[in-house]
Amino acid sequence: MSVNARVVECWVHDLVRELAVRKAKEQNFFITHDIADPLSSSTSNSSLFSSKCRPQSIYSDMERYASVEHNTPYLRSLLIFNLGHEICRILQLDFIGKCFKVLRVLDLEGVQIESLPSIVGTLIHLRYLGLRHTGLKLLPLSIGNLRSLQTLDVNNLKQVPNVIWKIQNMRYLYIEGQEDDIPLKIDTLENLQVLSGITFKQWIQNNSSKLTCLGKLKLEGRYELVEALEGVEFWKSIAKLQVLKSLYLKASEESSFPSLAMNSCLYLSKLDIKGHMQKLSETFPFPPNLSQLTLDSCRLDCDPMPILEKLPKLLTLRLRADSYLGTEMHVSENGFPQLKVLQLFELSKVIKLNIENGAIPWLMQLHSHFSTRISGVDKLSNLVEVKIVNDSMIPSFSPFTRVLRTYRSSRYHLYWDHSWRINRNGQTEFWIRRKKGS
């Protein structure tokens, strides 16, 4: 369970799992075929596919899969995985449109695709189309015929065809990493709930007040392209989204954000900002109901804490990758009244964080860099976890022992476990956790 009461994982008893797998096999709920396995009896042409099974997943040899006879006219879901560096030619994908007319789920994530055939536009019952990490650069215009499509997940296209507006059942649209910033009409998608990857320029060309169901939005690209609206007009377009909960702004390296004016975004609870910011201003405060805030690569010159500590409902604060270029940060008395998670990542110049008595009373998790000295941490009575990161693979125990000594001398923290490990980035992580029951 996360700090926002979201379930992030769950465990299933092994007996429950075995029962679910057995029942799935009995009812032909899902069949997986490894076509490249010559020892598998299920891979013969006569028995490769069951006409009774509706969801199927395919591993390996795409050419053989396309060449066999398919006796599955009612196939609902098709997932293709693990084709290595093999590139699927357009003729190898034509059979999908010819053989599976009632297909509802098509997932080709990770499969290297030369191009997507226009016949995919005949799959009028398709609801999910997954094309992420396929190397695909263009989508056929016929994709606008998929009137039942609810989810389109694709990335790194050269350009998105301006036919998406026709798919009025669309609910989840992921189009991150566009190379060409061409006009894209999306304000007809009144059922849209998640929009990720639209550029700032494309956004301001649409009427946001029509997107009445949009709850999650990610904008990226050059922010200067909206400066003609003086920034405030841009934020007004965001404020029109009455059910927006999550907003992610990612500016390109050569652009920057002006002063933010988000106090009218009353329903926004999660905000991620990546890119250079001119400053944080108290004149235009953050949304009043903000519970999660991430600042990344903002390169702020002034300490952001005096402004951020006034957010009354903030639960999680992440400062990443030179979001602040100063050397010291200060949290005053009664600052961050609800904060539970504070994460300071890659703030290479910050050498000191001073926490006054009475500040951050509900803090439970504290993550920081080994070069940052934190004073006042022994007064945090609800703290249960501390992580210190060292850029070197060779453990330097001096900051670790310094913090551990602080906790052991605290009147609040008498029982602590500690450990360390090398993470996947070659960094040393030191962990201090309160023992259960203490």
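Q: In what order do the 3 strands of the open sheet lie, and how are they paired?
A: Strands here are DSSP runs of E with at least two residues, helices are runs of H or I with at least four, and both are numbered from the N terminus. Two strands pair if DSSP finds at least two bridges between them. The sheet is open, with the order 18-20-22, and its pairing is parallel.

Q: What is the basis of the model, and how are its residues numbered?
A: This is a predicted model, in which local features need pLDDT of at least 70 and side-chain atom pairs count only at pLDDT 80 or more, while totals for chains, interfaces and linings use all residues. Side-chain values use heavy atoms, with hydrogens and water left out, and residues are numbered along each chain as its sequence is written, from 1.

Q: Which bridges join strand 18 to strand 20, and which residue stands opposite Met 329?
A: Strand 20 covers residues 352-355 and runs parallel to strand 18, with 4 bridges joining the two. Within strand 20, the residue opposite Met 329 is Leu 353.

Q: Which residue of strand 22 is the bridge partner of Lys 352?
A: Strand 20 and strand 22 run parallel and are joined by 3 bridges. The bridge partner of Lys 352 in strand 22 is Arg 373.

Q: Which residues form the covered face of strand 20?
A: In a regular strand, side chains alternate between the two faces of the sheet. The uncovered face of strand 20 holds Lys 352 and Asn 354, and the covered face holds Leu 353 and Ile 355.

Q: Is Thr 151 buried or exposed?
A: Thr 151 is found in strand 8, residues 151-153. Its contacts (heavy atoms within 4.5 Å) include Arg 127, Tyr 128, Met 170 and Tyr 172, not counting residues up to four places away in sequence. Buried means under 20% relative accessible area, exposed over 50%, and partly exposed in between, with a 1.4 Å probe and protein chains only. Because its relative accessibility is 12%, Thr 151 counts as buried.

Q: Which residues have the most contacts inside the largest nonpolar core?
A: A nonpolar core is a set of buried Ala, Val, Leu, Ile, Met, Phe, Trp, Tyr and Cys residues joined through side-chain atoms within 4.5 Å. The largest such core has 99 residues, and those with the most contacts inside it are Trp 203 and Leu 217.

Q: What is the geometry of the aromatic pair of Phe 95 and Phe 100?
A: Rings of Phe, Tyr and Trp (its six-membered ring) pair if their centres lie within 6.5 Å; planes under 30 degrees apart count as stacked, over 60 as edge-to-face and the rest as tilted. By this rule there are 3 aromatic pairs. Phe 95 and Phe 100 form one that lies 6.1 Å centre to centre, with 80° between the planes, and is edge-to-face.

Q: Over the ring of which residue does the charged end of Lys 185 sit?
A: A charge sits over a ring if NZ of Lys or CZ of Arg is within 6 Å of the ring centre and within 35 degrees of the ring normal. The charged end of Lys 185 is 5.1 Å from the centre of the ring of Trp 165.
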